[in-house]
Amino acid sequence: MSTKPKEHVFTKNLDHALLSVYNGYKFFIRFFKEAFKGRMEFQELVKQCYAIGYKSLLLIGMTGFITGMVFTKQSRPSLAEFGATSWLPSLVSIAIVRALAALVTALISAGKVGSSIGAELGSMRVTEQIDAMEVSAINPFKFLVVTRVLASTITIPLLMFYCTLVGLLGAFLNVYLNEGTSGVAFVEKAFEQITFLDLGTSVAKAVAYGFTIGMVGCYQGYNATKGTEGVGKAANTSVVLSMFLIFIEEVIIVQVSNYFRG
Amino acid sequence: MQENTNQEDPIISIRDVYKSFGDLHVLNGVDLDVYRGENVVVLGRSGTGKSVLIKIIVGLLQQDKGSVNVLGNEVSDLQGKELNELRRKIGFSFQNSALYDSMTVRENLEFPLVRNVANLSKAEVKDQVESVLESVGLSQTINQVPSQLSGGQRKRIGIARTLILQPEIMLYDEPTAGLDPITCIEINELINEVKEKYHTSAIIITHDLTCARQTGDRLAMLLDGKFAMTGTFEEVFASDEERVKSFYDYNFIQ
């Protein structure tokens, strides 16, 4: 009597999840192999930096400005109870530099950039444009994936700096309108408590978030299947998974930076 | 039609090729030779593995078993640079053209050229792009993007994009699918012009018997995962096999 071969090692879903992790790992390793091999597609890299960075300026700017302003407004009553509203610039700048700017930039970018990369590469996959590159003896991974991951890794830290500045501007406007604090006094107070470690941690976070958003979007799009449904799924999963990983990275990086803070 | 072919010089030699996707057995021992200078039309029902076969030839898919030899190279043994070297000699025209939709027609044609041919000046790139566009009769579309082109124009640009690397072999996947009869005839003529002008050998995957008759030196009918019959158009359709007859009857409304 013949026995039917076992279809799954564990359960269907667990097998699928483990296989996805393994494929993601292979994709991650392949990125580093391809990134340092052969000719860099500089023109495409610049084009992607423009698409990811420049075209996100307005959205990131508005979100950062509103975040800075609202956070200041919401923090005032608590400080006012102790008569400590003069600490508002310090409090807000610590919040923006240490956490808010990087997180706001990353979450907005995960939605805008991650979904766009996932959908673009997904539709290229299902319409055989990626296969067309391959049969023309062109490395689609180098052209599509390496450039997009590098572009998001480079531009998201820059967007984070921009978000920090605009967020502080929003906070200053609120403080100026309510407490009449001058610009010089605000800047002095705001940067009093900011250390090099704070700035370094923010940059490290933004680099990690940018890399994650690019990598997840590219992985989902590059491996899309099942036609238009697959494209939608690639875009959706890019956003959800990027956001999930960003929060995990946030926890890890904060723990590590606190260790150095002593 | 076969007077220009060299029967002693198979440039594609497929032996006993098997390919399955899970439980679905698509190719069950396929054998085929394509000789230099001939156009071979592969006919068969949808889902019988015709496109799978040409994707194996170009190394996009790998067979489970068997041998695929192209221009003296065993395709499954090739990787990296060697595989790319072979791919430069093969033009692949996709069923849906697969034009890069974020690029203009000019950029679509320049894309493979500048990445595969070293040290070309801008003027040389421009000349080659314009020349190949002229040979498919679409010079006026050079600054358009794919979404502005008709189905037939997209097919032609897809063919032009493969011709720019001057391939020895052309693989056409359903070149006339979804096109009106007049455009189909134009595409068939283009396939024959490509053969004459660029001295290519080709495999043409199609359901369209008019295309098969106009472009094929030889036909191969894929039934049950293997080639049930090969020969000229007349030889294949002289068969009493019911499925071959219904193929003919549907196409020629009998």
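**Before you start.** Residues are numbered from 1 along each chain as its sequence is written, while chains are lettered from A and ligands numbered from 1 in the order in which they are written. Because this is a predicted model, local features need pLDDT of at least 70 and side-chain atom pairs count only at pLDDT 80 or more, whereas totals for chains, interfaces and linings use all residues.

**View 1. Chain A is built from helices.** Chain A has 9 helices and 0 strands; helices (H or I, at least four residues) and strands (E, at least two) are DSSP runs, numbered from the N terminus. Taken along the principal axes, its C-alpha atoms fill a box of roughly 85 × 50 × 35 Å. Of the 262 residues in chain A, 41% count as buried. Here is how burial is judged: a residue is buried if 20 or more other C-beta atoms lie within 10 Å of its own, exposed if 12 or fewer, and partly exposed in between, with C-beta atoms placed from the backbone.

**View 2. The annotated transmembrane regions of chain A.** In an unreviewed UniProt entry, the annotation "transmembrane region" covers residues 49–71, 91–110, 149–173 and 239–260 of chain A. UniProt positions are given in the numbering used here, feature names are shortened, and annotations may be inferred rather than shown by experiment. Look at residues 49–71 of chain A: the span is 83% helix and 0% strand, and its end C-alpha atoms lie 30 Å apart. Residues 91–110 of chain A are 100% helix and 0% strand, with 27 Å between the end C-alpha atoms.

**View 3. Glu128(A) has a positive phi.** This residue is in the loop between α4 (88–126) and α5 (129–135) of chain A. Phi of Glu128(A) is near 65 degrees, a positive value in a residue other than glycine. Most residues other than glycine have a negative phi. Is Glu128(A) buried or exposed? Glu128(A) counts as buried because it has 20 C-beta neighbours inside 10 Å.

**View 4. Gln166(B) also sits in a loop.** Find Gln166(B) in the loop between α5 and β7 (169–173) of chain B. Its phi is near 50 degrees, a positive value in a residue other than glycine. Gln166(B) is partly exposed because 15 other C-beta atoms lie within 10 Å.

**View 5. Strand β7(B) has a partner on two sides.** Strand β6 (residues 90–93) of chain B pairs with β7(B) in the parallel sense over 4 bridges; two strands pair if DSSP finds at least two bridges between them. Within this pairing, Met170(B) is the bridge partner of Gly91(B). Strand β8 (residues 201–206) of chain B runs parallel to β7(B) and is joined to it by 5 bridges, with Tyr172(B) opposite Ile204(B).

**View 6. Asn143(B) meets residues from elsewhere in the sequence.** Asn143(B) lies in the loop between α4 (122–135) and α5 (151–163) of chain B. Asn143(B) counts as exposed because it has 10 C-beta neighbours inside 10 Å. Thr104(B) is 39 residues away in sequence, and 5.6 Å separate the two C-alpha atoms. Not counting residues up to four places away in sequence, Asn143(B) touches Thr104(B) and Arg106(B). Two residues are in contact if their C-beta atoms, placed from the backbone, lie within 7 Å.

**View 7. Where the two chains meet.** The contact takes 14 residues from chain B and 10 residues from chain A. On the side of chain B that touches chain A, α2 (80–87), β6 and α3 (105–116) each give two or more residues. The largest share of that side, 3 residues, comes from α3(B).

**View 8. Inside the largest nonpolar core.** This core has 119 residues; a nonpolar core is a set of buried Ala, Val, Leu, Ile, Met, Phe, Trp, Tyr and Cys residues joined through C-beta atoms within 7 Å. Among the residues with the most contacts inside it are Leu171(B) and Ala160(B). Leaving aside neighbours within four places in sequence, Ala160(B) is in contact with Leu109(B), Val132(B), Leu133(B) and Val136(B).
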